[in-house]
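Hi everyone, thanks for coming. I'd like to walk you through one structure today, so please have a look at it with me.

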Amino acid sequence: MARKIIIDTDPGQDDAVAILLALASPELVVLGLTAVAGNVPLALTEKNARMICELAGRRDIPVFAGCDAPLARRLVTAEHVHGKTGLDGPVLPEPTMPLQDGHAVDFIIDTLRAEPSGTVTLCALGPLTNIATALQRAPDIAERVQQIVLMGGAYFEVGNITPTAEFNIYVDPEAADIVFKSGMDIVAVPLDVTHKALVTAQRTAAFRALGTPVGIAVAEMTDFFERFDKEKYGGEGAPLHDPCVTAYLIAPDLFTGRRINVEIETMSDLTLGMTVADWWGVTDRPENALFIGDLDADGFFKLLTERLGRL
Ligand code: BDR
Ligand code: CA
């Protein structure tokens, strides 16, 4: 049976590809997109979310705007990676589908309460502000969530926004702390695995060779952020972070990880937003997440390219 998901997102080119992969896949039913401030401010992330739905020909997907700032901090954005719009690269038409009335946090709460318990999965592709706010307002939803699969954190690869923190967790560490302490079934997809999902020139060429508006737009997106990441990391290409989340839901066998304890650093200036991951089991702190460590990168790109070709 297809899995019902809500995608909480801050598009972002890699968020866009993650959304397109979900919309192309019969294993997933997208109940809605909830935008959050992150890579760029909220006014852009909600607009970008609508642009992506329109690119996929899915004007029927409800898109909600959520929190415009982290729970307790000033917003940090990542235009240096994603460009001024967050979706630099392709030239896409301004969206005409409407933003839904109502707040993303209410949509998350109402949907989890309306659907049978244990049947809705959250896919979190940005800072966890919307989801933590929903948990704060409606603690009963924690046990109604089937699973939350989130892109966030790092252990072996340490940080991409500070030496020890990954961007999504760093932007709103208090929200991440609430999520990791919530008791929900958590799958964390950290940089350790997304840094293995590298878009090489050959993989981008395969997107472009689809010859469709989606294939060409995705190639233009990956071309854009590849420039920044290649310069930063060297190596073959740029990591395609967020699509690992939707790919995990479609083909979990492409991924491996460990059930471990993960805590979020919220106090130290030096290591703020670090995911302290007990990978080696050196504490007796209880397991609270499946922390993904590896993926079959060729299998991942094969799946992604094949699915994008369906749109
Ligand atoms: C995460 O940060 C954002 O820039 C990307 O969209 C991804 O969700 C990677 O650290
Ligand atoms: Ca993102």
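How many of the residues of helix α11 (residues 243-250) are buried? Eight of its eight, and buried here means under 20% relative accessible area, with exposed being over 50% and partly exposed in between, using a 1.4 Å probe and protein chains only. The buried residues of α11 include Pro243, Cys244, Tyr248 and Ile250. When I say helix, I mean a DSSP run of H or I with at least four residues, while a strand is a run of E with at least two, and both are numbered from the N terminus.

Some ground rules. This is a predicted model, where local features need pLDDT of at least 70 and side-chain atom pairs count only at pLDDT 80 or more, while totals for chains, interfaces and linings use all residues. Residues are numbered from 1 along each chain as its sequence is written, chains are lettered from A and ligands numbered from 1 in the order in which they are written, and side-chain values use heavy atoms, with hydrogens and water left out.

Okay, the calcium ion, which is ligand 2. Its protein donors are Asp10, Asp15, Leu125 and Asp242, lying 2.2 to 2.6 Å from the ion. Donors are N, O and S atoms within 2.8 Å of the metal, or 3.2 Å for Na, K and Ca; water is not among the atoms, so sites may look incomplete. Along the chain, the donors follow the spacing D-x4-D-x109-L-x116-D. Asp10 sits in the loop between β1 (3-9) and α1 (13-23), and Leu125 in the loop between β4 (120-124) and α5 (129-137), 115 residues apart. Both Asp10 and Leu125 are buried.

Now for ligand 1. The residues around it include Asp14, Asn39, His82, Met151 and Phe167, where near means a heavy atom within 4 Å. That shell divides into three nonpolar, five polar and four charged residues. Which residues have polar side-chain atoms by an oxygen atom of ligand 1? Glu166 is one of them, at 2.4 Å, then Asp242 at 2.7 Å, and Asn168 at 3.0 Å. The protein covers 96% of the 280 Å² of accessible area that ligand 1 has on its own.

Let's zoom in on Asn39, in the loop between β2 (28-35) and α2 (42-55). Why does Asn39 count as buried? Because its relative accessibility is 4%. The Asn39 side chain makes a polar contact with the side chain of His82, at 3.1 Å. A polar contact is a pair of N or O atoms within 3.5 Å; within protein, one must be able to donate a hydrogen and the other to accept it, and residues adjacent in sequence count only if both atoms are side-chain atoms.

One last stop: Phe224, in helix α10 (residues 213-233). Phe224 counts as buried because its relative accessibility is 18%. Leaving out residues up to four places away in sequence, Phe224 touches Gln13, Val81, His82, Gly83, Asp88 and Gly89, with contact meaning heavy atoms within 4.5 Å.

Conventions
Areas by Shrake-Rupley, 256 points an atom, 1.4 Å probe, with all protein chains shown as cover. Nonpolar A, V, L, I, M, F, W, Y, C, P; charged D, E, K, R; others polar.
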